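Subject: Structure handover

Hello,

Here is the structure I promised to pass on. Please open it beside this email and follow along.

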Amino acid sequence: MNATVSWARGPGESDVGSSSVQRRPVSVRLDGVEKAFGGNRVLRGIDLEIPAGQFVAIVGKSGCGKSTLLRILMGLEERTGGGITFEDASGNAAVANSRIVFQEPRLLPWFNVIDNVAVGLKDQTNAAEARAQAMVALRDVQLADKFDEWPSRLSGGQRQRVALARALVSRPDFLALDEPLGALDALTRLSMQQLLSRVWREQGFTTLLVTHDVSEAVHLADRVIVLEQGRISVDLAVDHVHPRPHGLPELAEVEARLLSAILGSGQV
Ligand SMILES: Nc1ncnc2c1ncn2[C@@H]1O[C@H](COP(=O)(O)OP(=O)(O)OP(=O)(O)O)[C@@H](O)[C@H]1O
């Protein structure tokens, strides 16, 4: 287990980044981003602008490069071409406080819940302040009552809420989510979607979610992007107020259009 990656800093991320620091809205711009693994050209020129505070979901067939794109944005993978810029509200290049949540919670088994969350403020504040802020983040994910529990005694959904709290504790400007609900059962997944949506609405960070679940993408995101053969083949706005109850006919229609685009007709 490589636990350190879960709180890896993004490109140019601030050293300060604690919740005492005001969150600044950041937009993200990708210009012709390319990635090849040897002869395998996974990303073939990705141009994308994500306005500050927007929730964008990326979907596409398995192996189309979704996680690679997210990892490049987080500085966990080198790109082979193109550029990435985080910008502040005035359009100036910004230093973003970026965090990522993976499918596996990657908790440290020798730390209890609150210390696993406080790790998200590693080297940024003293231990007492880190624990105080960790408690706030645990309240955000409705897990404050488990603050002194061991990870091994939590359910899968609770562990993933700890991972989310660890990402949120530093009040990120940009949150990358790589299938964070992918390993959860269907009902837990639905309640975690509601929780993610609420936290995003309350805190306003810019979000990029990779998911296999088109329904989840449509439920959560302002905008859904389909990756296909290394390029963005569909870029679709989901104009519906949040929060979004499950089963809305308008969203089911958007979902069907996206599925048909992914599965082959290319029509949206
Ligand atoms: N470290 C690596 N070395 C070589 N090839 C890699 C590496 N990481 C990813 N790839 C390749 O890049 C392509 C895209 O992988 P990636 O994990 O980004 O796809 P994905 O769309 O996230 O897939 P999935 O939906 O199955 O998780 C795949 O062909 C994969 O084999």
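First, a term: two strands pair if DSSP finds at least two bridges between them. Helices (H or I, at least four residues) and strands (E, at least two) are DSSP runs, numbered from the N terminus.

Two notes on the source. Residues are numbered from 1 along each chain as its sequence is written. This is a predicted model, in which local features need pLDDT of at least 70, side-chain atom pairs count only at pLDDT 80 or more, and totals for chains, interfaces and linings use all residues.

Which strands are at the edges? Angles here run from 0 to 180 degrees between N-to-C directions, and axes are lines fitted to C-alpha atoms, for helices over the stretch in contact.

Start at strand 5. Strand 5 and strand 6 (residues 174-178) run parallel and are joined by 4 bridges. V101 has L177 in strand 6 as its bridge partner. Contact has a cut-off: the C-beta atoms of two residues, placed from the backbone, lie within 7 Å.

Now look at strand 3 (residues 55-59). Strand 3 runs parallel to strand 8 (residues 223-228), with 4 bridges between them. V56 is partnered by R223 in strand 8. R223 also has a bridge partner in strand 9, namely A237. Strand 8 and strand 9 are antiparallel, with 6 bridges. They form a hairpin with 2 residues between them. Q229, in that turn, has a positive phi of about 50°.

A second open sheet has the order 2-1-4 and antiparallel pairing. Strand 2 and strand 4 (81-87) stand at its edges with a single partner strand each, so one side of each has no neighbour in the sheet. Neighbouring strands are turned by 15° against each other on average, direction ignored.

Strand 1 (residues 27-37) is joined to strand 4 by 6 bridges. One of the pairs is D31 with G83 in strand 4. Strand 1 is joined to strand 2 by 8 bridges, also antiparallel. Here F37 stands opposite N40 in strand 2. Strand 1 and strand 2 make a hairpin with 2 residues between them, and G38 in the turn has a positive phi of about 60°.

Helix 1 lies across strand 1, strand 2 and strand 4. It runs at about 60° to strand 2.

**Around the ligand**

Which residues are around the ligand? They are F37, N40, V42, G60, S62, G63, C64, G65, K66, S67, T68 and H212. Near means that the C-beta atom, placed from the backbone, lies within 6 Å. Strand 2 (40-50) and helix 1 (66-73) each supply at least two residues of this shell. The largest share comes from helix 1, with 3 residues. By class, the shell has 3 nonpolar, 8 polar and 1 charged residues. Ala, Val, Leu, Ile, Met, Phe, Trp, Tyr, Cys and Pro count as nonpolar, Asp, Glu, Lys and Arg as charged, and the others, Gly among them, as polar.

**A helix pair**

Helix 4 meets helix 5 (residues 186-203). Their axes come within 11 Å and cross at roughly 15°. The two helices are therefore roughly parallel (angles under 35 degrees). G156, G157, Q160 and L168 in helix 4 meet T188, M192 and V199 in helix 5. The residues of this contact divide into 3 nonpolar, 4 polar and no charged.

Most residues other than glycine have a negative phi, and most peptide bonds are trans. R171 is not a glycine, yet its phi is positive, about 50°. R171 lies in the loop between helix 4 and strand 6. The peptide bond from H242 to P243 is cis, with omega near -5°. P243 is in the loop between strand 9 and helix 7 (249-263).

Best wishes

Definitions and conventions: Angles under 35 degrees count as roughly parallel, over 145 as roughly antiparallel, 65 to 115 as roughly perpendicular and the rest as oblique.
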